[in-house]
Amino acid sequence: MTKRQFTDLEKERLLLLWNKIKARREELKLSQSELAKKSNIDRSYISMVERGETNITYLKLLQI
């Protein structure tokens, strides 16, 4: 399966979302591991989201 390429607009919007998630986590003084545990999501997934390596799903966003 080939990885889908994002349009420039999609990249811009996703980057804003990824940055907001990371900024909020840092504002709450949570490590990625702590956030992962609280949201029942694997820490590596949190890391991928913050680095912009994945398109977070709506349901995962609600968990976070």
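Charge first: the protein chain carries 14 positive and 9 negative side chains, and the centres of the two sets sit 4 Å apart. Lys and Arg count as positive and Asp and Glu as negative, with His and the chain ends left out; each charge is placed at NZ of Lys, CZ of Arg, CG of Asp or CD of Glu. The model is a predicted one, so local features need pLDDT of at least 70 and side-chain atom pairs count only at pLDDT 80 or more, while totals for chains, interfaces and linings use all residues. Residues are numbered from 1 along each chain as its sequence is written, and side-chain values use heavy atoms, with hydrogens and water left out.

As for the fold, there are 4 helices and 0 strands in the protein chain, where helices (H or I, at least four residues) and strands (E, at least two) are DSSP runs numbered from the N terminus. The C-alpha atoms fill a box of roughly 30 × 25 × 20 Å along the principal axes. Of the 64 residues, 27% are buried, meaning under 20% relative accessible area, against over 50% for exposed and in between for partly exposed (1.4 Å probe, protein chains only). Taking a contact as heavy atoms within 4.5 Å, residues 24 or more positions apart supply 37% of the contacts with a separation of 6 or more.

Helix α3 has Tyr 45, Ile 46, Ser 47, Val 49 and Glu 50 as its buried residues, and these pack against α1 (8–27), α2 (32–39) and α4. Tyr 45 also has a charged neighbour: the charged end of Lys 60 sits over the Tyr 45 ring, 5.7 Å from its centre. The rule here asks for NZ of Lys or CZ of Arg within 6 Å of the ring centre and within 35 degrees of the ring normal.

After α3 comes Gly 52, with a positive phi near 75°. Thr 54 counts as buried because its relative accessibility is 15%. Leaving aside residues up to four places away in sequence, Thr 54 touches Trp 18, Tyr 45, Met 48 and Val 49.

Over in helix α1 is Leu 9. Leu 9 has a relative accessible area of 45%, so this residue is classed as partly exposed. The C-alpha atoms of Leu 9 and Arg 24, 15 residues apart along the chain, are separated by 23 Å.
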